[in-house]
Amino acid sequence: SAKVLSFDDCNVVLEFIEPVDKNSTYYEFLKKHGSYIHHIQIGDQKNPALKKVFEHNGVKILSEAEFYGDDFDGLHFLYMDTKDDYGAVLEYIVWL
C-alpha cells in the first residue's frame, strides 16, 4: 500500500507515491533505485489488446489490479518492466 498525492490538469497527471509498508512494488523500487521516476502512464478506453502486444514482445508484467470508485466505473492497470528500455516502468490503464 502507498500514500498518493496526485495533480491532474487534464493533460498531465503528476503523482507522488510514498510506500507505507515493505510489501509493495513501490517500496522495492525505492529500495533498489532511490528517489526516481517510477512509472509513465498511458491509457486506453476499453481496449486490453496492448497487454498482449507487450507480452508477445517479452515485456514482463510486474503487477496488475483493478480499482473501482464512486465517480468512475473502474479501471484495470498493469505495471510493465520497461525500465531498461525506457528508463521507467510503464503503467498501462484500461478504463472498464
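The structure is a predicted model, in which local features need pLDDT of at least 70 and side-chain atom pairs count only at pLDDT 80 or more, while totals for chains, interfaces and linings use all residues. Residues are numbered from 1 along each chain as its sequence is written, and side-chain values use heavy atoms, with hydrogens and water left out. The protein chain has three helices and six strands, where helices (H or I, at least four residues) and strands (E, at least two) are DSSP runs numbered from the N terminus.

**Overall fold**

- Read along the sequence, the elements of the protein chain follow the pattern β-β-α-β-α-β-β-α-β.
- The protein chain is as compact as a globular protein of its length, because its radius of gyration is 14 Å, close to the 12 Å that the globule rule gives for 96 residues; the radius is taken over C-alpha atoms, and the rule is 2.2 Å times the number of residues to the power 0.38.
- Taken along the principal axes, the C-alpha atoms of the protein chain fill a box of roughly 35 × 35 × 25 Å.
- Of the 96 residues, 25% count as buried, where buried means under 20% relative accessible area, exposed means over 50%, and partly exposed lies in between (1.4 Å probe, protein chains only).
- The accessible surface of the protein chain comes to about 7,100 Å², and 53% of this surface belongs to carbon and sulfur atoms; such areas come from the Shrake-Rupley method with a 1.4 Å probe, and for residues only the protein chains shown count as cover.
- Among contacts (heavy atoms within 4.5 Å) between residues at least 6 apart in sequence, 34% join residues at least 24 apart.

**The hairpin of strands 4 and 5**

- Strand 4 and strand 5 form a hairpin, with two residues between them.
- The two strands run antiparallel and are joined by seven bridges; strands count as paired if DSSP finds at least two bridges between them.
- Ser-63 has Tyr-79, in strand 5, as its bridge partner.

**Nonpolar cores**

- The largest nonpolar core has seven residues, namely Phe-54, Val-59, Leu-78, Met-80, Leu-90, Tyr-92 and Val-94; a core of this kind is a set of buried Ala, Val, Leu, Ile, Met, Phe, Trp, Tyr and Cys residues joined through side-chain atoms within 4.5 Å.
- Strand 5 (72-80) and strand 6 (89-95) each supply at least two residues of this core, and strand 6 gives the most, with three residues.
- Leaving aside residues up to four places away in sequence, Phe-54 touches Val-59, Met-80 and Leu-90.
- Apart from this core lies another one, of six residues, among them Tyr-26, Phe-77, Tyr-79 and Val-89.
- In soluble globular proteins, nonpolar side chains tend to be buried together.

**Aromatic pairs**

- There are three aromatic pairs, counted by a rule under which rings of Phe, Tyr and Trp (its six-membered ring) pair if their centres lie within 6.5 Å, with planes under 30 degrees apart called stacked, over 60 edge-to-face, and the rest tilted.
- The pair of Tyr-26 and Tyr-79 is edge-to-face, because the ring centres are 5.9 Å apart and the planes stand at 80°.
- This pair links distant parts of the chain, since Tyr-26 is in helix 1 (residues 25-33) and Tyr-79 is in strand 5, 53 residues apart.
- Tyr-26 is buried, with a relative accessible area of 19%, and Tyr-79 also counts as buried, at 4% relative accessibility.
- Phe-67 and Phe-77 form a stacked pair, at 5.5 Å centre to centre and with 5° between the planes.
- Because Phe-67 lies in strand 4 (residues 61-69) and Phe-77 in strand 5, the pair ties together parts that are ten residues apart in sequence.
- Phe-67 is partly exposed, with a relative accessible area of 47%, whereas Phe-77 counts as buried, at 9% relative accessibility.
- Tyr-26, Phe-67, Phe-77 and Tyr-79 form one aromatic cluster.

**Two single residues**

- Thr-82 is found in the loop between strand 5 and helix 3 (83-86), and this residue is buried, with a relative accessible area of 1%.
- Not counting residues up to four places away in sequence, Thr-82 touches Val-59, Gly-87, Ala-88, Val-89 and Leu-90.
- Glu-15 has its place in strand 2 (residues 13-19) and is partly exposed, with a relative accessible area of 31%.
- Not counting residues up to four places away in sequence, Glu-15 touches Val-4, Leu-5, Ser-6 and His-39.
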